[in-house]
Amino acid sequence: MKKGVMRPGHVQIRVLDLDEALVHYRDLMGLIEVDRDSRGRVYLKGWTEVDRFSVVLREADQPGMDFMGFKVVSEAALEQLHGELIAFGCQVDQIPAGELEGCGRRIRFVAPTGHSFELFADKVQTGRYGVGNHNPEAWPRDLKGMKAERFDHCLLYGPELDKTLELFKEVLGFDLCEQVVTPDGKRVAQFLTCSMKAHDIAFIDHPEPNKFHHASFLLETWQDVLRAGDLISMTDTSIDIGPTRHGITHGQTIYFFDPSGNRNEVFCGGDYFYPDHEPITWDADMLGKAIFYHDRQLNERFLTALT
């Protein structure tokens with residue numbers, strides 16, 4: 001049952017050097033810098049996103065993800081979810097409006113995997129960059145680099161996947177789209193959606209909590225993914241794997257690292273999901289093909305390089 005969560009809203013990423021990170025996220029990936037705040041954080045967005053920002057970069061001593069936020073339909077839905085999160089057993093913190101520039105109040109909670117998530121209902125909408133909402137052109141002419149369209153999802157590593165699935169399904173209203181299951185029935189990967197997308201958040205079973213695998217950004221076409229691969233080589237950016245296709249979600253993808261060691265993905269395509277669809281299940285011994293459909297084997301760095 002849908003509970004009012006609409007879509008991923010933002011992710012705050014820790015970077016070791018803000019200037020280097022901006023060269024990566026703004027100039028290489030093509031995110032639009034929209035603001036900086038008094039705490040030194042930088043705000044960015046993909047050009048098709050209507051909300052004011054979707055990525056926040058914070059300079060820190062260790063890389064990784066501070067939190068991921070989801071936008072809900074209304075303040076009433078936010079208040080209801082606040083109560084349901086507390087009833088589920090989550091510690092919930094209230095973050096006042098304006099703590100993130102242009103964003104309303106947020107409620108923050110920690111999932112059983114150890115990751116911090118937050119919900120919000122209000123954020124200033126500035127419209128699609130360079131084209132607006134009235135008689136819009138096809139695309140802005142001044143886009144840079146990979147021309148990332150939107151922040152799409154995160155993949156996170158941590159323990160207690162069953163309890164986390166219960167939280168996201170029963171409290172937040174997400175659907176399980178796809179899963180990887182061992183012969184004894186243990187779910188070791190789960191891909192969840194609050195929309196019609198192949199996934200809005202995904203989790204991999206891992207003994208250490210609160211680990212960040214990647215943040216993913218949408219491109220329009222397979223040709224754009226190939227072009228992203230060219231740009232990665234042109235800029236001597238550290239590449240993980242690709243361009244290739246996923247078995248899970250069927251998206252076409254390439255993975256690479258920011259200068260701080262945080263992994264990024266850009267992708268296109270992928271499956272769609274309706275609430276009446278049964279989850280797709282992959283056997284754990286097919287994980288290589290599930291992740292990298294063409295090579296059919298896992299890159300060890302893909303499994304172990306986490307922030």
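1. Start with the phenylalanines: F70, F109, F117, F168, F174 and F203 make up one aromatic cluster. Keep in mind that this is a predicted model, where local features need pLDDT of at least 70, side-chain atom pairs count only at pLDDT 80 or more, and totals for chains, interfaces and linings use all residues. Residues are numbered from 1 along each chain as its sequence is written, and side-chain values use heavy atoms, with hydrogens and water left out.

2. The structure has 11 aromatic pairs (ring centres of Phe, Tyr or the six-membered ring of Trp within 6.5 Å; planes under 30 degrees apart are stacked, over 60 edge-to-face, the rest tilted). One of them is F117 with F168, edge-to-face at 5.3 Å centre to centre and 80 degrees between the planes. F117 sits in strand β8 (residues 116-120) and F168 in helix α3 (residues 161-171), so this pair ties together parts 51 residues apart in sequence. Helices (H or I, at least four residues) and strands (E, at least two) are DSSP runs, numbered from the N terminus.

3. Over in helix α2 (residues 75-88) you'll find L81, buried with a relative accessible area of 1%.

Notes:
Buried means under 20% relative accessible area, exposed over 50%, partly exposed in between (1.4 Å probe, protein chains only).
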